[in-house]
Amino acid sequence: MTGEKMKRIVTHLALTATMAMIATGCVPVRHNMPPEQRMMQPGPGVGGPGPGVLGPPAYNPMMGAAAADTSTSGLAANESETADGKMSISDLATGDSNPEISLVGYDQVEAQTAGFRQLLKGGAGADCGCGGHGDSAGCGSGGQVIPPGGGVMMTSGMPGMISTAQVTFGSPDGMHVRYDISGSGMFDSEPLVVPARQNFPQGGLYRLKLTNIPSRPGVELYPTVELAYANPRTGAYLAHNSVPLQFSEEDFDQVLTGNFVTKVIYLPDPEFQGPAIAGIDTLVSTRLDPGIDPIVEADRRGSILAIIRLGDKDIEMAGGGMAGIAGAGMMGAPIAGLPAPFAPAMTDGCGSPAGPGAGKVGAPPSLPGMVAGVNAPQYGMPYTGTPIGLPGPPHIPLGAPAGLKSHTIRNHTHMHMPRPVEDLRIDVRQQPGMSYPNPVSRIRVTEQNIHPGVPNASPGYEHPSQRVY
Amino acid sequence: MLRRSLLLLLVACCVSSIAKAADPSDYLPRRSGHSLYAGDMPAGVIASTRQAMSYRQPVQPYFQPVRFHGPEGVRFSLAQYGTFGEGESDLMAGLMIGKVYRFRVSGIPRAEGAELYPTIEMVDRTYPPPGLATTYPIPVNLDEDDILAALEGRLVTRVIYLEDPQTATPLAEGPNGPVAIDVPEYQDPLEIADLRGRTVAILRIGSLAPPRAEVLKSQFFFGHPSWAPIFKPNP
């Protein structure tokens, strides 16, 4: 009897506690937040991909006005429309421009590369590139906008200015360096004979071809150089100095024995800059302890200017699929006569094509547009889109003419999107608080001369004029 | 009796602890805060920010006379529409406040054919007596050490400041004007200059060469700001 009563009391207590928790709202709520990368996007689901979304297509060859002539598929046709100015990027971003294939966020070359393209077109557009010391300055508004090149246009404020970094190829002497101008893997520039200098647009990944290497006849190497965008820390340096790229005998030895060499050139922070070492510093992967990433280490010590990656892969080998395609898979040559990057730089920095595309070039960079099975669906597979980015159902039976006319997708995702905060109250308390000494309220001055001073500082006062008798 | 004396002692202790209030600087680090400007900022930021924050709005355009001087044989020339002239060894010109000028240094001793393209950022002006502006220009001296360091690929930043007459250090002037004070790498020259006086110009010497592409020239020359030539009277 007593045990039964106890059990009942416990049950009642549990029920009461549950009721109280529900009534007071003290139920522990577990929030299921999207990943951090998606939280940085402007809104839930705006820039981030959903599950099963196709990877980003290769960067459009000759982006800008020439984007129209390569379009064959529907996706590319959509891009060409945008390039012609029929639709704006904001239209695309909202996803209501094309109800059949909604290119929201991740699939959009347009949205990903908007900053770079706007920069190339020379117009102040949706993306400002680098706002420098203040986002509020806006695009091309003159004033204090710091372009990524580090130079500051104070009054003229030229929009669409291309910022470059000057690169000096310092050693070994006599080596020939070629870079791409018209297409990835073309290496169609005039050879630079080391020592030489060349301006490269910032924020690009460039493939170089090294030939005529002294003491290594017949060896051809294809390193890549990744140039970071300038930031306020490196802007002054890049506006006045060039970035020295040097290849040592040790680097060539490492590469020819099958190793992969990463060299990171960085501007050390003042605390890492000893009095004897001035200017920039270089970290080489082969000279660091195993397990230490030179990029992470350089980023810790200062601001990265350039990253060289050197291996022994022959880019121009037949069948490699990388060479000889004019304009293939490049970001496009911004300026005639300047090197053309084949991919954007993956290092952070202002002016980078901020968004999901930054640093996530998934497809091989030099594929010419859409290739079935690589960056487009397999031939014969469905290509029906949905407004939320998921691939649609296939046309069944496979192989027969497409007959599917409509499909319905219901979203059963539980959602709790809280209302935006209207009033925010911040209480500030500094501890320890302020305690000033009492201000002076009374001053006593006592002046005492031990030796009587010289009256009016007249010399010879001790010999006054005397009466002459 | 003992209890009363103990009470008195306690009261005295309390009073003494209250009277000895903590100095606020005890809680603060030695170098508190972050300065708004740093010497390694991109060229033009400091000048344009100071112009924008100036109490004189709009800022009156003023051509501040500046005299360039360097080692023997070194010639200076300012860019005019993207091209440089022959160059003078003792160049004097009026530069606008708030602008950044790119000039060429040629004829460097023991480095034949080498040319440097430093910049000078005009931060503030001087106030000479009326009519004597060209008599008291801002002296910009390039040491041989600076030139050599720049040729080695380093970035040399020289902050030119007008000394505070109350706290000026009695240093003997060199033959070409005030001598430069070298600061260690880990110290900010702008901060030290602001402590000693009023910064008027910032000189940055690097080894950047002018770009070949036309479209990059405007950026290289910081938008081609105008300058006023100052002709020396013939003796």
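Me: Where should I begin with chain A, and how many helices and strands does chain A have?

Reply: Begin with the overall make-up, remembering that the model is predicted: chain A has nine helices and eleven strands, and of its 469 residues 38% count as buried. Among the contacts in chain A with a separation of 6 or more, 63% are accounted for by residues 24 or more positions apart. The accessible surface of chain A comes to about 27,200 Å², and 56% of that surface belongs to carbon and sulfur atoms.

Me: How do I read a helix, and which residues of helix 4 of chain B are buried?

Reply: The general idea is that an α-helix has 3.6 residues a turn, so residues three or four places apart point the same way. In helix 4 of chain B, which spans residues 144-151, the buried residues are B:D146, B:I147, B:A149 and B:A150. Seen down the helix axis, these buried residues fall within an arc of 165°, so they line one face of helix 4 of chain B. Their cover includes strand 7 (138-141), strand 8 (156-163) and strand 9 (197-205) of chain B. Just after this helix, B:G153 takes a positive phi of about 100°.

Me: And a strand: which strands pair with strand 1 of chain B, and in what sense?

Reply: In general, the side chains of a regular strand alternate between the two faces of the sheet. Here, five of the seven residues of strand 1 of chain B (residues 63-69) are buried, so this strand is largely enclosed by the rest of the structure. Five bridges join strand 1 to strand 4 (residues 92-96) of chain B in an antiparallel arrangement, with B:Q64 opposite B:L95 of strand 4. Strand 1 of chain B also pairs with strand 7 of chain B, in the parallel sense and over four bridges, and there B:R67 stands opposite B:P139.

Me: What about a loop residue such as A:L338: is A:L338 buried or exposed?

Reply: A:L338 lies in the loop between strand 10 (302-310) and strand 11 (343-344) of chain A, and with a relative accessible area of 3% A:L338 is buried, because buried means under 20%. Beyond its neighbours within four places in sequence, A:L338 is in contact with A:T164, A:I181, A:Q198, A:N199, A:P201 and, in chain B, B:L216. From A:L338 to A:F200 the C-alpha to C-alpha distance is 6.5 Å, although the two are 138 residues apart in sequence.

Notes: Residues are numbered from 1 along each chain as its sequence is written. Chains are lettered from A and ligands numbered from 1 in the order in which they are written. This is a predicted model: local features need pLDDT of at least 70, side-chain atom pairs count only at pLDDT 80 or more; totals for chains, interfaces and linings use all residues. Side-chain values use heavy atoms; hydrogens and water are left out. Helices (H or I, at least four residues) and strands (E, at least two) are DSSP runs, numbered from the N terminus. Buried means under 20% relative accessible area, exposed over 50%, partly exposed in between (1.4 Å probe, protein chains only). Contact means heavy atoms within 4.5 Å. Accessible areas come from the Shrake-Rupley method with a 1.4 Å probe; for residues, only the protein chains shown count as cover. The arc is that of the directions from the helix axis to the C-beta atoms. Two strands pair if DSSP finds at least two bridges between them.
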